[in-house]
Structure formats: C-alpha cells, structure tokens
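Keep the chain in view as you read.

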Amino acid sequence: MAKYVAAIDQGTTSTRCMLFDHGGNIVCYDQKEHEQIYPKPGWVEHNVTEIWQRTQEVVQGAIDKGNIDVQEIAAVGITNQRETTLVWDKTTGRPLYNAIVWQDTRTDQICNALAAEGGQDRFRDKVGLPLSTYFSGPKIRWILDNVDGARAAAERGDAVFGNIDTYLIWHLTGGTKGGVHVTDVTNASRTMLMDLKTLQWDEEICKTMRIPKQMLPAIRSSSEMYGTARGVLAGIPVAGDLGDQQAATVGQTCFNRGEAKNTYGTGNFMLINTGTEVMPSKSGLLSTLCYKFGNEPAVYALEGSIAITGALVQWLRDNLGLIGQSVEVETLAKTVDDNGGIYIVPAFSGLFAPYWKDDARGVIVGMTRYVNKGHLARATLEATAFQTREVLDAMKTDSGVELKSLRVDGGMVVNDTLMQFQADILGVPVIRPKVAETTALGAAYAAGLATGFWSGLGELRRNWGVSKTWEPHMDEAQRKHLYRQWKRAVERSFGWIENE
C-alpha cells in the first residue's frame, strides 16, 4: 500500500526531493546546490545537465535516507523555478544552450523592440503580463536568434522548448526514448505566450515573437497523469506539475478567493487567489494561473514578483564576504538597533512588481561614517520586508481585499528578526505554517490528488497548522516614516541603465 508522495523541487539555487506522508509531514529529503553561471553583467545561466544529474542524486538520496521502498510511493510531483528557459534537441537530449535563468536581463532589447509597437502592456490583455526580461518568451527568441542552428532545428521539429518542469518530466518519463513533452497551465502562464482564458498557446503572439509553435510543450492541468517514471522511480506515476510560487500557494491551502501567501526565497513572490475569473491588474501586479486540478475550472491569482530578497543575503556572503553563511545575517543584524539610516534597494536585475523597470539598478542610500556592517545586514533584511509591503499595497488596490494576516513560507521565514519587522511594517500578523516547505508540499498535493492519495481539498486544509505567529508592535508614525524613506530610496534606483 502506498504511504508517501514524492516531490521534486527544482529551485534557482538547489534541487531537492522530499517525501510526504498522508498528514502532509516531511518524512525524508535530500538537497544539492548547482552552479550559478554569470557570463556577463545581467546574464544568469544554469547547466541543465548538472541539474538533471542533481535531480537523480537527490531522489536516490531521499529514498536512501528514509529507507523507503519505491513501491510505497503513490506518485511524484514536480515544482520548479519558473520562467527559466531551455531549448534542447529531443533526438539527442542535448541542450542547445545553457538554461537562461528568470533573473537574466539580456532580452532587454528584444522587449524594447516589441514594446515599440504597442507599449509595455502590448500583450497584457491576453497573457496578464507586461513585456519584461523576466518571462520565457523573449528568452526563447534570444536563443533562436543567437545560437547557431537553433532556429533551423526548431523549425525542423528537432529543437523543443521547456521551462525546467518540462525538461524534468521529459527526462523522468524516458527522455529520447518516449519522454513526454508537457507543461502545466501555471508554468505556461509565465511564458507570455499562453492566452489566460483559453489556456492555449496564442498563435498571434508566437508569430510576433518569431517562435515556432511546434517547439512548445502540450499544456495540461496541474494535477493529472502525465506519464510513468523510469530510472530510480520506475513505475511511479508522474502526476503533478506546478510553478514554484503556485505550488507554495497550494501547499499553504489558499483555495478560497482572497487567501494569500508570500514565499521568501531567492526572490519574494506574493500570490492572492482571485477565483475562477481573470482579474486584470492596474497596480503593477501580474494576472496569472494559480492552479488547475484535473477537469475542474482553472483558478487564477494576482502575483507580486520581487526579484531579489534572499539573493541579497547571498550577495552579502559571496560578493562582500560580510558573513560566512546565510544564517549569520540575523546575528549580524542584531548587533545594531536599527538600519542606521541606510536603505538597500536590490535592483540587481531591474525592479519587478510593482514597477517593472528593467533600467533600474541597485543602490545603497543614506550612507554616513556611522554606518557599519551590522547596519548593512539590517538593511538587507528590511529591504525584503519593504518590497513585500509595496506588493501588498498593490494587491489591496487591485483586489479590494484587506488582508487580515499573511501566510509565509520559504527559507527566510526562520529569521525571527525579518519576520517581526515584516509584521511591523505591514501592520498585520505574519503566520508561519507547521510545514514551512510549502513549495514541495504543493507539488506533492497536486500529484496525490491526481492519484487518489488525498481525497480532496478539505483533507489538505485539515493538514495545515500554525507553527508561529508574529504580531505587529510598531507604532503607526514610525511605520509611515520608515516606509516613506524606503520609497524615496527606490526612486534613486530608477533609470540607471541608459539605452544607447
């Protein structure tokens, strides 16, 4: 009898495999990092051959650590870093180029050229997204235009596109020997090529971007049987697929309209469930898919995407050497009482929500001789909270929903200093669930629903429980002052990159 559901969580900096029991508890897991490749300023790439190797290793590692019999696994679900773009040869399995990561800004000229004929919101009515270097469509176009033989291979039908979910499912189900070439609606909604209402690739946009439609994967629901795994998980149904932020929303059981979560990872991503109707944004948010379970109607979301949050801590560690490990940022931040008057706006790859300014770059403002490394650490944590406040304000404007609390998850939610400041600057309680690894849990839920391991959403809701709540303690005058200073700092980051 099946006792577990497996989830492969392929993220920006690492890959992990987690096994969950019927109560949604983590039974065992394994995790490995992969290389971050920076060929030029603003360029970010991954070696997907390494990612596939890491995926196989962590699946085996989790099974070994838990002493699990593979036949006890009911299904496997996939969740992935979204927008990260790969084109590979389906006849050989070899990538034509490294994966271009979601943070990468090399497609700015492509986006500017497309915007010249209709503005940044040229496709927004159909796809819910502004023209931005963030999304997959322009990245596909760049590979086709700049990699020798890529366009010819795509037109011939040999070269295919996928975000990392598609690539992993293809490999898991056989690769060159019959691998299934699919994606789900949540990942497809991040390409700028899928019509949100029809849930199909849009012919007109594909032609405008000069992307051959035959290279795109089939769009499926987030919870259904895609195929059967080979290799380590041989015989196990591959039955769930969600982009990482949508997976976290499912893991947080935000199944009712108006329920929201915020994930603290490399970047920050806040989603609010808007029900079965697409809700356009007038405040710089993205209209996107939340999930689609089998034949049930698609559920939509508004999303606020922030490019750099946890990555700013990594920058302190790797580029400046102020800390040896990421967890040390809180200890360093607690050596001071406040930010010393400085604000860090981490627009390393432009600003995402709610500004969508590809020409912004990072700034540190308010520097004096008084400032020390403790203040830098404190300002690093506060930057995450301030950016979240901006997104929450936009969500209130668009949805009309006044959030009474915020559910949080991701690697940074173990940081008490950050979470307390987050509650203070928002003025609402911040709640961490008992299982903070909600991204992997959401992928497991999708796969388990498809295979009958879980009976329905009610059962998933009953699994959710509170680990810790942070209540706001800051007075309103201080909250307003700090936030006003933050907004002034953000303005200083605008327009740094000049179009030659």
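This is a predicted model: local features need pLDDT of at least 70, side-chain atom pairs count only at pLDDT 80 or more; totals for chains, interfaces and linings use all residues.

Residues are numbered from 1 along each chain as its sequence is written, and side-chain values use heavy atoms, without hydrogens or water.

The protein chain holds 16 helices and 23 strands; these are DSSP runs (H or I, at least four residues; E, at least two), numbered from the N terminus. Its radius of gyration is 22 Å, close to the 23 Å of the globule rule for 500 residues, so the chain is as compact as a globular protein of that length. That radius is taken over C-alpha atoms, and the rule is 2.2 Å times the number of residues to the power 0.38. Buried residues make up 63% of the 500 (under 20% relative accessible area, 1.4 Å probe, protein chains only).

Now the pockets. A pocket is an open set of points on a 1 Å grid over the protein atoms alone, where a 1.4 Å probe fits, with protein on both sides within 12 Å along at least five of seven lines; lining residues have an atom within 4 Å of a point. The largest pocket has a volume of about 1200 Å³, the space filled by probe spheres set on points joined across faces, edges and corners. Of its 48 lining residues, the closest to the centre are Tyr-264, Gly-265, Gly-410, Gly-411 and Met-412. H10 gives the most to this lining, with five residues.

The second largest pocket has a volume of about 650 Å³. Among its 23 lining residues, Tyr-38, Val-44, Gln-103, Asn-319 and Phe-348 are the closest to its centre. Here too, H10 gives the most, with five residues.

Note on methods. Buried means under 20% relative accessible area, exposed over 50%, partly exposed in between (1.4 Å probe, protein chains only).
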